[in-house]
Amino acid sequence: MLFKVEEVRAKLPGRQIDWYETVGSTMTLASELAREGAPHGTIVGAEEQTAGIGRMGRSWDSQAGAGLYVSLILRPNLPAESIPLVMLALGLATKESMEGLAGLKLDLRWPNDILIREKKCAGMLAQWEAGAILAGIGNNVGQTRFPEGLDTPATSLRLEGAKVRREELLAELAPAIDRFITVGTRSPEEVVRRVLHESTYVSGRRVRVEQPDRTLVGVTCGLDASGFLKIREDDGRETTIFAGGVRPA
Ligand code: BTN
């Protein structure tokens, strides 16, 4: 079923929403829009991406009509070093919207994985470009299969038994992002506090993290004030993780 963008425009009056059938990546279009001065909250989305971008150089499976693939242009009153905080705000917004519509309990794995029973059902990117933050979010909604060999096993709301329309999801997600970004602007500690509450991963989980120079194994012990993950390694030292994929050990 083709995405009914008019339905979302009617629910989010005043917001610019550009919708495409097939694109390489919505991130490229968002970058162009940001350069042209598109306002805060502008959304660019597509039915299908032929070169969907994931984190750490990975691709993002973006089969036609199955997922919600969107990028938002955000212009919050936040310094450039706030990207980790923005990632957490995006995670909270995505988790809340998907949970509310699907009636499922989801988990948030630092920094950007939304999980159902340890399988990934959404992921996000955030990067500064042209004076704006480009936030890319991929939500697995109606997929019935995924390519083999994915780094993290994937699932979709449909595979988990929840019938959610992509239009409803976007109409919930965009305002939720605004709300959590506003929370982060006023009180970064509050975003960190909420993630501690919403994620089973940030405290007391034994994990493995691939770093460029080594693989680190330890138990998570919270987030620092900027939103970076802290790990107590097996030799007792506490290490802050600035980037990398966190997996169960
Ligand atoms: C991740 O690796 O978890 C991040 C995935 C982000 C995917 C979304 S889909 C919409 C936007 N366009 C892209 O090319 N990537 C992001």
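The model is predicted, so local features need pLDDT of at least 70 and side-chain atom pairs count only at pLDDT 80 or more, while totals for chains, interfaces and linings use all residues. Residues are numbered from 1 along each chain as its sequence is written, and side-chain values use heavy atoms, with hydrogens and water left out.

**Exercise 1.** Determine how strands S1 and S2 run and which hand the crossover has.

Step 1. Strands (E, at least two residues) and helices (H or I, at least four) are DSSP runs, numbered from the N terminus. Pairing requires at least two DSSP bridges between two strands.

Step 2. S1 (residues 17-23) and S2 (residues 43-49) run parallel and are joined by six bridges. Aspartate 18 is opposite valine 44 in S2.

Step 3. From S1 the chain passes through helix H2 (residues 26-35) to S2, a right-handed β-α-β crossover. Right-handed means that, with the strands pointing away from the viewer, the path from the first strand over the helix to the second runs clockwise.

**Exercise 2.** Find the salt bridge between aspartate 151 and arginine 247 and classify the exposure of both residues.

Step 1. The criterion is a side-chain nitrogen of Lys or Arg within 4 Å of a carboxyl oxygen of Asp or Glu. Aspartate 151 and arginine 247 meet it at 2.5 Å, N to O.

Step 2. Aspartate 151 lies in the loop between strand S7 (132-140) and helix H4 (166-186), and arginine 247 in strand S12 (residues 246-248), 96 residues apart.

Step 3. Buried means under 20% relative accessible area, exposed over 50%, partly exposed in between (1.4 Å probe, protein chains only). Aspartate 151, at 43%, is partly exposed; arginine 247, at 13%, is buried.
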